[in-house]
Amino acid sequence: MEEEEEEQVATEPPKIHRLDESVVNRIAAGEVIQRPVSAVKELVENSLDAHSSSINVVVKDGGLKLIQVSDDGHGIRYEDLPILCERHTTSKLSSFEDLQSIKSMGFRGEALASMTYVAHVTVTTITKGQLHGYRVSYKDGVMEHEPKACAAVKGTQIMIENLFYNMSARRKNLQNSADDYSKIVDLLSRFAIHHTSVSFSCRKHGAGRADVSSVATLSRIDAIRSVYGVSVARSLMKVEALDNDPSSSVFQMDGFISNSEYVAKKITMVLFINDRLVDCTALKRALEIVYAATLPKASKPFIYMSIVLPPEHVDVNVHPTKREVSLLNQEVIIEKIQSVVESRLRSSNETQIFQEQTVEPPSSSQMISSKDSNRNPLASGSKSQKVPVNKMVRTDSSDPAGRLHSYLHAEPRGHLEKNTSLTAVRSSVRQRRNPKETADLSSIQELIAEIDSNCHSGMLDIVRHCTYIGMADDVFALLQHDTHLYLANVVSLSKELMYQQVLRRFAHFNAIQLSNPAPLKELIVLALKEGDTDPESTENDELNEKIAEMNTELLKQKADLVEEYFSIHIDKDGNLSRLPVILDQYTPDMDRVPEFVLCLGNDVDWEEEKKCFQVISAALGNFYAMHPPMLPNPSGDGLQFYQKRKLVRNNEGSLSCNTAADDMVMEDEIEHELVAEAETAWAQREWSIQHVLFPSMRLFFKPPNSMATNGTFVRVASLEKLYRIFERC
């Protein structure tokens, strides 16, 4: 009987009871104030509603210990202080209909009340005309004591201490998060570039320097430059949209969007609708699609937009933290903005502007050595000194005149006339100097330190001040330095330069988008075939297929790593679709992609960090090195590779096995299309060597000690020795 009674009690529905008001308020507070940045947002919006011209934020321990927001707004009346922190008390509206035309940031009267249920709140305020201010503390929505008179400056200061002190689970969770302060900085940065008539500052408690510091300005782009930096502001272009058709949509949009010069790891979108900072996932996704289709290399843009609509077309009461709003005809508005942005990007993508930069000489170069004084005879004083003719340097490393090309009258090639301006190329090279924010990985720092410590000073002087003369053959280039003539191995130099640049640009690459994604498995099989002694044999096909499958699976597993650090994109299907840009104006020989992919799969030790990054960087260096093209050089004797012997029947005889001259004619036929392709490849390589490789070497290259003895540089003549020979003659 007892068991039956227990079963009957268990099946009865639980009794509904009314929650205590303090519990209700605490639950609501946890929904409105989700983390410290939520409290800062509510307080800053209150300051903006108070018509403040200056807002200062101080934060301690990510906002858990202290959030202090001070403004110079109109303040709070003494009579209003008793109900200031009660729920649903506000000066922003008085009836529900007011929501249809609300223009203020706040309207519910919940934010301050919610803070008093999860933190200790102190308010100090003074209104215009008062001789002193008042300070009062609040807990659970009510004053803890009567307002006390105190000294105060114009406006209001609200101090939130020990946030979530009575919500242990949330406090522990937030204490383990290190990005709360960065979220607050990001929030203030967004407010600062929109409300340009207000000055903002944000700093950590006890810090002397503010992490956000903006002053009131009339120019939006100046505000962006002040907050996000010169490089971001330089990459932006203005965009505007307008629609006054009541039947579809009524809105006005103006803002700034990044061009192809802006490259980042993630999208930055700052969106204000009727001066309210909000998120709009649909608009953000639509703009990401436009960028991915129009500017694949810059598919993570910086976007600032301000959209103004009639207040009655915006429903602001759809989210507890007011982070989202609902728009009338939202799909139409998004479609029109998307169309305007796409049109603006396509028009801007037709041209590219390189910013001129003045290159300051390094401090070490200001100390002129005796060797340098030979190069610059006026360095020691204003009085000119006569230099012996056998030691006179007759070229300038910065002047293209005097190079071998000046004496060769070759027909200009149409495909090379574009972008051959030395000014544009060198500006591009200078613009892509080593990133200021280098990767904070000890292994990369160690590899770069090894390069710097192993640099040969003599070779460095040659690289910095040499004059490129021309190519002596397929591998060696002629260089002049002071009174000496050198042969330099272009393949070895470019391989080492690319390796060093990969390490210095680590995790900061632009990307080359392949027109057609290349399957890794097919590339690896192709590379294995090329390595076979008999490529036509099918004996190893099964083994090659297994090796290719294993390496493909391995690289798919490591796809996130190589994309994040090296901008090598491998999709989930095992296709290679993007490669890094190591030197601007230069694209590697895509015939060498199979060899590179095989190296990634076979040679990389993925377990040891330093060795892994070193081998991948070396593989990229070898892939991007300026090897001779696969097609033989068609100039000179190389033309014979493009000739086909063809038997042609003469007019009188007939074709037979007899080789008599009167029966047949042997003719040479040249494959002109293949010759044209080879000429293009070789000419493009030589152009890249002169205009990309050597200018980049002067800026970035640190020649290792081994290059002094391994034949990379060979001195073939010196002016002094030539004069001695001529004197004997």
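**Entry 1: the sheet around β17**

I began with β17 and strand β18 (residues 476–481), which run antiparallel and are joined by four bridges; two strands count as paired if DSSP finds at least two bridges between them. Helices and strands here are DSSP runs numbered from the N terminus, helices being H or I of at least four residues and strands E of at least two. I noted before going on that this is a predicted model, in which local features need pLDDT of at least 70 and side-chain atom pairs count only at pLDDT 80 or more, while totals for chains, interfaces and linings use all residues. I also noted that residues are numbered from 1 along each chain as its sequence is written, and that side-chain values use heavy atoms, with hydrogens and water left out.

Within this pairing, I found that Thr467 has Gln480 in β18 as its bridge partner. I then looked up the whole sheet, which is open and has four strands in the order β17-β18-β19-β25, with antiparallel pairing. Its edge strands are β17 (467–471) and β25 (713–718), each of which pairs on one side only. From one strand to the next, the twist averages 25 degrees, where axes are lines fitted to C-alpha atoms, for helices over the stretch in contact, and angles run from 0 to 180 degrees between N-to-C directions.

Which helices touch this sheet? I found helix α15 (residues 457–465) packed on the sheet and touching β17, β18, β19 (484–489) and β25, with its direction at about 90 degrees to that of β18; contact means heavy atoms within 4.5 Å. Helix α16 (residues 490–504) lies across β17, β18, β19 and β25 and runs at about 70 degrees to β19.

**Entry 2**

Strand β12 (residues 268–273) runs antiparallel to β13, to which two bridges join it, and Phe272 has Leu277 in β13 as its bridge partner.

**Entry 3: strand β22**

Is strand β22 enclosed or open to the outside? Six of the seven residues of β22 (residues 575–581) are buried, so this strand is largely enclosed by the rest of the structure; buried means under 20% relative accessible area, exposed over 50% and partly exposed in between, with a 1.4 Å probe and protein chains only.

I followed its partners: strand β20 (residues 510–519) pairs with β22 in the antiparallel sense over six bridges, and Asn510 has Val581 as its bridge partner. Strand β21 (residues 569–570) also pairs with β22 in the antiparallel sense, over two bridges, and there the partner of Ile570 is Leu576. β21 and β22 form a hairpin with four residues between them, and Gly574 in the turn has a positive phi of about 80 degrees.

**Entry 4: aromatic rings**

I looked up ring pairs, for which the centres of Phe, Tyr and Trp rings (the six-membered ring of Trp) must lie within 6.5 Å, planes under 30 degrees apart counting as stacked, over 60 as edge-to-face and the rest as tilted. By this rule the count is 13 aromatic pairs. Tyr228 and Phe302 have ring centres 5.0 Å apart and planes at 70 degrees, so their pair is edge-to-face. The two residues are 74 residues apart, and the pair links helix α7 (residues 220–228), which holds Tyr228, to strand β14 (residues 302–308), which holds Phe302. Phe302 counts as buried, at 1% relative accessibility. I also noted one aromatic cluster formed by Phe506, Tyr565, Phe566 and Phe613.

**Entry 5: Arg698 and the cysteines**

Arg698 lies in helix α22 (residues 672–700) and counts as buried at 15% relative accessibility. Its side chain reaches the backbone oxygen of Cys466 at 3.0 Å.

How many disulfides does the structure hold? I found zero, taking a disulfide as a pair of cysteine sulfur atoms within 2.5 Å. Among the cysteines I checked, Cys150 counts as buried at 13% relative accessibility, and Cys599 is buried with a relative accessible area of 18%.

Technical notes:
A polar contact is a pair of N or O atoms within 3.5 Å; within protein, one must be able to donate a hydrogen and the other to accept it, and residues adjacent in sequence count only if both atoms are side-chain atoms.
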